[in-house]
Structure formats: C-alpha cells, structure tokens
Amino acid sequence: MKIRDIDLGEKPVFLAPMEDVTDPAFRLMCKRFGADLVYTEFVSSDALVRSVGKTMQKLAICDEERPVAIQIYGKDPGAMADAARIVEEARPDILDLNFGCPVKRVAGKGAGAGLLQDVPRMLEITRAVVDAVKLPVTVKTRLGWDDSHKIIVTLAEQLQDCGIEALTIHGRTRAQMYTGEADWTLIGEVKRNPRMRIPVIGNGDVTTPERVAECFARYGVDAVMVGRASFGRPWIFKEMKHYLTTGELLPPLSFDWQMDVLREQVRQSVARLDERRGILHIRRHLAATPLFKGLPNFRELRIAMLRADTVDELFALFDRIRTTYGSEA
Ligand SMILES: Cc1cc2nc3c(=O)[nH]c(=O)nc-3n(C[C@H](O)[C@H](O)[C@H](O)COP(=O)(O)O)c2cc1C
C-alpha cells in the first residue's frame, strides 16, 4: 500500500495518533517493533500559529521513526493552512488532519469531530491545507456525529475530491466517544465504494493479531491502525506483524524481555526530552502496561514506580521488580 510515493508494504499496521501517548520515544519503540507508520499526538493549529513553545516541541521527529505523520486540528481554514506550512518545515512524511476528536474542549468548539456537524467547513479546511503544502495530506475521522448521521460513505468521497491521499476511519460516531463497539461494516462499505481511489485505513478496537488479520480479510482495508492496545506495550506490533506474515502467534515474550523494552523506552524518553519530562511521559505507559497486571502484592511497587522522578530511582525499582517477578526470580 502506498500513500503517494511512500511505500508502506503489504498489510501495514499503523500506530494511532494519541494525545500524551504517542511521544517521540514511544513512536520510536513502536517503529522498531514493526509499526509501518506512526503519528504524533494531535497538535493545535491555533497554538502553532502563535508559536507556543510547548506546542512547537510536539513537532520534533527523528529520522529513525520515518515514515511519520504529524497531525493537526483546528476549525479555522486560514489558521489550519498556516499551521500546515509550519508543520511542513518540520519535514514529516505526511500531514494528517484530525476531524475525529470527540472531547468537549475540541469538538464542542467546532474542531475535531465537531466538524462532522459542519461538513462544508471541514471540506474548506481540507482544500485550504491541500493547497498550502506539497506534503501528502491525509484525514482521520469517525463514522459521523451520531447514530442518525453516519455520513462517512458520502463524506469519504467529498474528502477525496478535496485532494487528500488517504483516509482513516475510526468506526464510532462522536456521540459514542469511546464506548460501545467499533462498527467496521461502514469502513468496509467505504472501501468497497468503486469511486474511492485513495487508501482506506480502518481503526477501532483492534487489540489482537487475529483481529488485525480479520480486519484485512473481512473489510478489505488498505491498513489497520492500532491505538489503545499499544499502551505500555510497543511490542504488540511485533506480535501483529508476525501473525500477518506467518499465520502463527509469536511465542510469548518473556517478562524480562518486556522489562528491557520498557527500560529502553525510559532511556529514549529521557534522551529525547529531558529527565523530568521524559519520566512524566513514561508514567502513562507504566501505569497502563499489561506486563504488571495481576502481579501479586504489586501495589506498593506500582505507587513507587509512578512517583519516581529520576531515572536512577526508576531503574532501581525495575531491578527490584525483575528480581521479584522476572523469569529468573
Ligand atoms: C488517550 C487517547 C488520546 C487520543 N488522541 C488522539 C489524537 O490526538 N488524535 C486522533 O486522531 N485520535 C486520538 N485518539 C483516538 C485514537 O487515535 C483512536 O482513533 C481510538 O483510540 C480508537 O482506536 P483503538 O480502539 O485502537 O484505541 C486518542 C485516543 C486515546 C485513547
């Protein structure tokens, strides 16, 4: 599958954009384990235009994680076009537009999924951004605003006509937020629409290697995007890619091996940000990783781990966890 001339291979699996999750270190780890395309967290176009320092830092990407997409959001076509030009200078491979974020502070102000209630504006933004940059522009959105307005089949064609080069569909409506089950049938319908020429990327509730394979087989999508299942578990891409290429499940990865991966993620996080911010970012992954789920008497270590504020402190706790629970324990 290709987005313009970027070859993403057969049955590619992408890391979804996720605020406060897809930081540089995590993207790099996912890439090393086989993610074919990684996305930054969404970046506010208004803050980019105002050169807000913290926002500008979100544009930092490195060559090892390529191909990488930077995602922006906003509701003003002019500001989105200006932000797109700023993003272009950061040299990502792809620029993605967020028309799917359901949270009140975004959708409630008419950006993200809020644009599903104002399609003319969504299309105006898309055209303005496509015209503003040379980069391939892609869109990520949802099925529609709510159950009675699942507009995605028509919307997909309209977005394609604006010049986007791939479309990601999260199989939920805005009203669903993150509840209920993702509905892939409409994603399949978009893909089967003979008028669609651009790649269609399916997203929503893909948590196992078998489900990735099923999504390709049943819905015919060009790529599958994985979000929450990757929290604290960048090796999920290794498990998924192995299954897609061999049809077999990868033998279980040892506790010690997974600990080493998290240790490397801490190192990368600190190297790419600084010790304080690097550790703040890693906490989310440590809190969510399935590696520590169900460990007996883990509560105190968990609290200490999530409070540690130096690498030395954190790695000393990792050593204790490994001697207590590791395969050689
Ligand atoms: C913590 C969190 C942050 C997210 N941030 C973004 C974002 O910045 N941009 C975006 O397009 N989607 C964002 N999403 C949505 C995901 O990209 C994805 O569409 C959604 O989680 C469904 O996929 P999943 O079931 O594989 O998690 C976020 C989701 C979560 C859980």
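The legends below describe several close-up views of a predicted model. Residues are numbered from 1 along each chain as its sequence is written, and side-chain values use heavy atoms, with hydrogens and water left out. Local features need pLDDT of at least 70 and side-chain atom pairs count only at pLDDT 80 or more, while totals for chains, interfaces and linings use all residues.

**View 1. Helix 4 crosses helix 6.** Helices (H or I, at least four residues) and strands (E, at least two) are DSSP runs, numbered from the N terminus. Two packed helices are described by the angle between their axes and the distance between the axes. Here the axes of helix 4 (residues 77-89) and helix 6 (residues 119-132) cross at roughly 35 degrees and come within 8 Å. Axes are lines fitted to C-alpha atoms, for helices over the stretch in contact, and angles run from 0 to 180 degrees between N-to-C directions. The crossing of helix 4 past helix 6 is right-handed (the near helix is turned clockwise from the far one by less than a right angle). On the helix 4 side, the contact (heavy atoms within 4.5 Å) is made by Pro77, Met80, Ala81, Ala84, Arg85 and Glu88. On the helix 6 side, Arg121, Glu124, Ile125, Ala128, Val129 and Ala132 take part. Eight of these contact residues are nonpolar, four are charged and none is polar. In this count Ala, Val, Leu, Ile, Met, Phe, Trp, Tyr, Cys and Pro are nonpolar, Asp, Glu, Lys and Arg are charged, and the others, Gly among them, are polar.

**View 2. Helix 6 and the elements it packs against.** The 14 residues of helix 6 should span 20 Å at 1.5 Å a residue, and its end C-alpha atoms are 20 Å apart, which agrees. The expected span is 1.5 Å times one less than the number of residues. The buried residues of helix 6 are Val119, Met122, Leu123, Ile125, Thr126, Val129, Val130 and Ala132. Buried means under 20% relative accessible area, exposed over 50%, and partly exposed in between (1.4 Å probe, protein chains only). The buried residues of helix 6 pack against helix 4, strand 6 (94-99), strand 7 (137-144) and helix 7 (152-161).

**View 3. Helix 1 is mostly covered.** Eight of the nine residues of helix 1 (residues 24-32) are buried. They are Pro24, Ala25, Phe26, Arg27, Leu28, Met29, Cys30 and Lys31. The elements packed against these buried residues are strand 3 (13-15), strand 4 (37-44), strand 5, helix 10, helix 11 (255-272) and helix 12. Gly34, with a positive phi near 115 degrees, follows helix 1.

**View 4. Ser230 in a loop.** Ser230 sits between strand 10 (223-226) and helix 10 (236-246). Its relative accessible area is 0%, so Ser230 is buried. A polar atom of the Ser230 side chain lies 2.7 Å from the backbone oxygen of Gly227. Apart from neighbours within four places in sequence, Ser230 is in contact with Leu15, Met18, Phe26, Ile236 and Phe237.

**View 5. Asn203 and Asp205.** Asn203 belongs to strand 9 (residues 200-203). With 7% relative accessibility, Asn203 counts as buried. Not counting residues up to four places away in sequence, Asn203 touches Lys140, Thr168, Ile169, His170, Gly171, Trp184, Ile187, Met225 and Gly227. Asp205 is in the loop between strand 9 and helix 9 (209-219). Asp205 is not a glycine, yet has a positive phi of about 65 degrees. Asp205 counts as partly exposed because its relative accessibility is 30%.

**View 6. Pro92 in the loop between helix 4 and strand 6.** Pro92 counts as buried, at 5% relative accessibility. Neighbours within four places in sequence aside, Pro92 is in contact with Ile61, Arg66, Val68, Ile70, Val87 and Leu135. Pro92 and Leu135 are 43 residues apart along the chain, and their C-alpha atoms are separated by 8.2 Å. Arg66 is joined to Pro67 by a cis peptide bond, with omega near -5 degrees. Pro67 lies in the loop between helix 3 (53-57) and strand 5 (68-73).

**View 7. Asn297 in the loop between helix 12 (275-288) and helix 13 (299-307).** Asn297 is exposed, with a relative accessible area of 75%. Phi of Asn297 is positive, near 55 degrees, in a residue other than glycine.

Key: Polar contact = N/O pair within 3.5 Å; in protein donor to acceptor, adjacent residues only side chain to side chain.
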